[in-house]
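This report describes selected helices of the structure shown below, along with the contact between its chains.

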Amino acid sequence: MAATRAKAHANEADEPTSPVLRFGVDRPLKLDAGVLLSPFQIAYQTYGTLNAAKSNAVLVCHALSGDQHVANTNPVTGKPGWWEVLIGPGKIIDTDRFFVICTNVIGGCLGSTGPASTNPATGKVYGLDLPVITIRDMVRAQAMLIDHFGIDQLFSVIGGSMGGMQVLEWASSYPGRVFSALPIATGARHSSQNIAFHEVGRQAVMADPDWRGGKYIEAGVRPAKGLAVARMAAHITYLSETALQRKFGRNLQDREALTFGFDADFQIESYLRHQGITFVERFDANSYLYMTRAMDYFDLAADHGGKLAEAFTKTTTRFCVVSFTSDWLFPTEENRSIVHALNAAGASVSFVEIDTDRGHDAFLLDEPELFGAIRGFLRSAARAKGLAEL
Amino acid sequence: MSVNGAPRIDLQVVADFIAPGSRVLDVGCGDGELLELLQRDKAVDGRGVEISQRGVNECVARGLSVIQGDADSDLVYYPDKGFDFVILSQTLQATRNPRAVLEDLLRIGDRAIVSFPNFGHWGVRLSLLLRGRMPVTKDLPDTWYDTPNIHFCTIRDFVSLCDEVGAKVEQATALDGAGQKIGLSMPWWFWNFFGQQAVFLLKR
């Protein structure tokens, strides 16, 4: 069973369900690690129609465990797209009006070149032979896809968490190509505590004997236990203490009394185990290492002489930064420091803090205030860009 | 930082001071009423700062560029002369350090516009004189212990603060209880006695 799934993933990694853009040896991706990735490929999904002026494109950037299937049924899980509450015909990000693009990031495992892809130089799976990927590498690759569509300027770049990091990187690296930017529940750098949690996750993966030094696909096994533990630990950081208490409290799982054993007595244990197991079915363990590393390495201020405001000098992009009160992974203060830097750079910036107890994952949920902010921000940006109302 | 129940008859007066197409920062922009007015009538490039999250969310949903922030602590993050006009409308009296806030306004903006309720108004004076209690009026409805307005001043007080920080009063308008402008020819004491609201255009 595990081997079948590994095979299915390998297929999705090289020959995904999504459309793929392949870049030959003549068009390498320059990586921050100082090497060229070539050849490489980007898997992506699009929704809606690009207008004649190519002015209505919205790039959606996915988070650590996300993928390009933002508004369609996910081919691996069979579940709805991860932001279908927000994106679709007549929705807040209206695909009758906007041309929405979502790519699988470089280093991912659903069709863009990543550790589960076949290394053309060896004919074997990359594994850890893939250079470490950064947020800027992901964005550079996305820019090559945007070039392919002939789009000079994206109407908006939108994303939460790691997706928000890509939004910031886009606005900083390609200021003229981003008309509006919506970084949500994110940071301009990964905090020490966040790096710490990621390290716990990586160590869990690498401690699994089935990880095999990263060469598990060739061995026909998967470090399922390690990856599940990594996901369980991470998942706690996506929620809030209040929400956990409200949802699970100390409730017992399908039993009347404590068992005096180490079975999942509590509902929260059972819930986390379920989160771990379902994640393993859809995500590549090495890709998890690469994604977490990319986030850890992100420090936009450090790339600009230690001054975050320098990352946005003379920007004309309109920004809307959003945070959530109960998010302790990317707390309001992290988001506010982005706002202060944008202020100092004289940028047009809105900042909304949403009152919710749903923690970091609130950005993926049906949050009316979030939707109100996104709707208002995009509406005024569309007016400023002269995009026709529907 | 909009003040509960305070009338915003000063908004049009503020708008009259603003040159079309200016870069404007509205500190304490509330639900964005003034910014919207300025964008519509004066085609300004407008930004706002508002302390209440509800106000900010309303503004952003209206399509305004507004951030959640506190005039006392967040103005330091704005660069010098980043705006043509910085507006502090009905907010000065609710700041912890009005002098520091005023100096920041003059640093950030080429010009600052400040409007505030005048505590020297005859009604306020009369209330204190006759009742011996802190005034609670239609326009200032909060009792002393739960008012957000912790630094009331009179028009005369404000003028002397302007002197202290080296701000030049370029224009000033006082509005009486009916929202009518008080004649420019009137002396300061008259303004201070009959003006219920004051709006100042300052430059340093």
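## A lysine in H6 of chain A

A:Lys225 is placed in helix H6 of chain A. The model is a predicted one.

## The crossing of H6 and H8

Helix H6 of chain A covers residues 224-238, and helix H8 of chain A covers residues 267-282. Their axes come within 8 Å and cross at roughly 125°, which makes H6(A) oblique to H8(A). The crossing of H6(A) past H8(A) is right-handed.

On the H6(A) side, the meeting residues are A:Ala224, A:Leu227, A:Ala228, A:Val229, A:Arg231, A:Met232 and A:His235. Their counterparts in H8(A) are A:Leu272, A:Gln275, A:Gly276, A:Ile277, A:Phe279 and A:Val280. By class, the residues of this contact are nine nonpolar, three polar and one charged.

## H3 of chain A and its surroundings

Helix H3 of chain A runs over residues 162-173. Its twelve residues should span 16 Å at 1.5 Å a residue, and the end C-alpha atoms are 16 Å apart, so the two values agree.

H3(A) is mostly covered, with eleven of its twelve residues buried. Among the buried residues are A:Met162, A:Met165, A:Val167, A:Leu168 and A:Trp170, and also A:Gln166 and A:Glu169. The cover over the buried residues of H3(A) includes strands E5 (57-61), E11 and E12 of chain A. Helices H2 (135-148), H9 (285-297) and H10 of chain A also belong to that cover.

## H9 of chain A and its surroundings

H9(A) has 13 residues and reaches 19 Å from its first C-alpha to its last, close to the 18 Å expected at 1.5 Å a residue. Eleven of the 13 residues of H9(A) are buried, and the helix is mostly covered. The buried residues include A:Tyr288, A:Leu289, A:Tyr290 and A:Met291, as well as A:Asn286 and A:Asp296.

H2, H3, H4 (192-207) and H6 of chain A are among the helices that cover the buried residues of H9(A).

## H11 of chain A

Helix H11 of chain A has 18 residues, 368-385. From its first C-alpha to its last, H11(A) reaches 25 Å, close to the 26 Å expected at 1.5 Å a residue. A:Gly386 follows H11(A) and has a positive phi, near 75°.

The buried residues of H11(A) include A:Glu369, A:Leu370, A:Ile374, A:Phe377 and A:Leu378. Within chain A, the buried residues of H11(A) pack against strands E11 (154-160), E12 (178-184), E13 (318-324) and E14 (348-354). They also pack against helix H3 (53-61) of chain B.

## The contact between chains A and B

How many residues does each chain give to the contact? Chain A gives 21 residues and chain B gives 16. On the side of chain A that touches chain B, helix H10 (332-344), E14 and H11 each supply at least two residues. H11(A) accounts for the largest share of that side, eight residues. By class, the side of chain A that touches chain B is made up of eight nonpolar, eight polar and five charged residues.

Note on methods: Residues numbered from 1 in each chain as written. Chains lettered and ligands numbered in written order. Predicted model: local features only at pLDDT ≥ 70, side-chain atom pairs only at ≥ 80, totals over all residues. Helix = DSSP H or I, 4+ residues; strand = E, 2+ residues; numbered from the N terminus. Expected span 1.5 Å × (residues − 1). Buried ≥ 20, exposed ≤ 12 C-beta atoms within 10 Å, placed from the backbone. Contact = placed C-beta atoms within 7 Å. Nonpolar A, V, L, I, M, F, W, Y, C, P; charged D, E, K, R; others polar. Axes fitted to C-alpha atoms, helices over the stretch in contact; angles between N-to-C directions. Parallel < 35°, antiparallel > 145°, perpendicular 65-115°, else oblique. Left-handed = near helix turned anticlockwise from the far one by under 90°.
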